[in-house]
Amino acid sequence: MFYLVVILLSYLIGSIPSGLIVGKLFYGIDIREHGSGNLGATNTFRTLGKKAGAAVTIADILKGTLTVFLPLLFDLHIHPLLVGLFAVIGHMFPLFANFRGGKAVATSAGVLLGYNFVLFIVLVAAFLITLKISKYVSLSSMVAGVFGIIYSLILQDWPLVIVVAAFETFVVYRHRANLKRIRDKSEPKVTWI
């Protein structure tokens, strides 16, 4: 029974809508009514600027990281990645924001940060290199996920392979409109890198 409580707690932590909180509390803006309408960090950067975007990115990463340590905190024999997976689901479909959430990137990265720091560094490096070359945040997120799968396969950590593949599936699915815009050459590019 307590296992279900921890999984529910992970979902609820993932459901904390960082972008909505930062937008409303500090700017008086509901970011779902601006830009892409998404609650994630990229839309926060575009709508509210660098400080707000950085704050939301960090908060969304830490949501995922925190949940990985819940089994240890409560002395439960449940795989931390399984618990983290529910944080990502909460981020995508947040109870506290009418189930309209982010695209799973930062919170997935946070789960992996808590589980395997080196993998997190690999993901960040792949993301930044791809962003430098392409200027597309969405594409960079998807490419980073591919590197995550490759790294997990090299480690032969099969729970990690499965969860990273699930995260990549979430990220690609949530970015399908971005993929269409990339094909149409209408996807916004970043200018700061």
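Helix H8 (residues 117-134) and helix H9 (residues 137-155) have axes that come within 8 Å and cross at roughly 145 degrees, where axes are lines fitted to C-alpha atoms, for helices over the stretch in contact, and angles run from 0 to 180 degrees between N-to-C directions. Helices here are DSSP runs (H or I, at least four residues), numbered from the N terminus. The model is a predicted one, in which local features need pLDDT of at least 70 and side-chain atom pairs count only at pLDDT 80 or more, while totals for chains, interfaces and linings use all residues. Residues are numbered from 1 along each chain as its sequence is written, and side-chain values use heavy atoms, with hydrogens and water left out.

On the H8 side, the residues that meet H9 include Val-118, Val-122, Phe-127 and Ser-134, and among their partners in H9 are Val-137, Ser-141, Phe-147 and Tyr-151; contact means heavy atoms within 4.5 Å. By class, this contact has 13 nonpolar, seven polar and no charged residues, with Ala, Val, Leu, Ile, Met, Phe, Trp, Tyr, Cys and Pro counted as nonpolar, Asp, Glu, Lys and Arg as charged, and the others, Gly among them, as polar.

A pocket is an open set of points on a 1 Å grid over the protein atoms alone, where a 1.4 Å probe fits, with protein on both sides within 12 Å along at least five of seven lines, and lining residues have an atom within 4 Å of a point. The volume of the largest pocket is about 1100 Å³, and its lining has 21 nonpolar, 17 polar and eight charged residues. H8 and H9 are among the elements that give two or more residues to this lining, as are helix H10 (158-174) and helix H11 (176-183).

The second largest pocket, with a volume of about 160 Å³, takes the most from H11, which gives three residues to its lining. Its lining divides into three nonpolar, three polar and three charged residues.

Most residues other than glycine have a negative phi. Asp-75, in the loop between helix H5 (70-73) and helix H6 (80-92), has a phi near 55 degrees, and Ala-104, in the loop between H6 and helix H7 (105-115), has a positive phi of about 85 degrees.

Conventions: Points joined across faces, edges and corners; volume = space filled by probe spheres on them.
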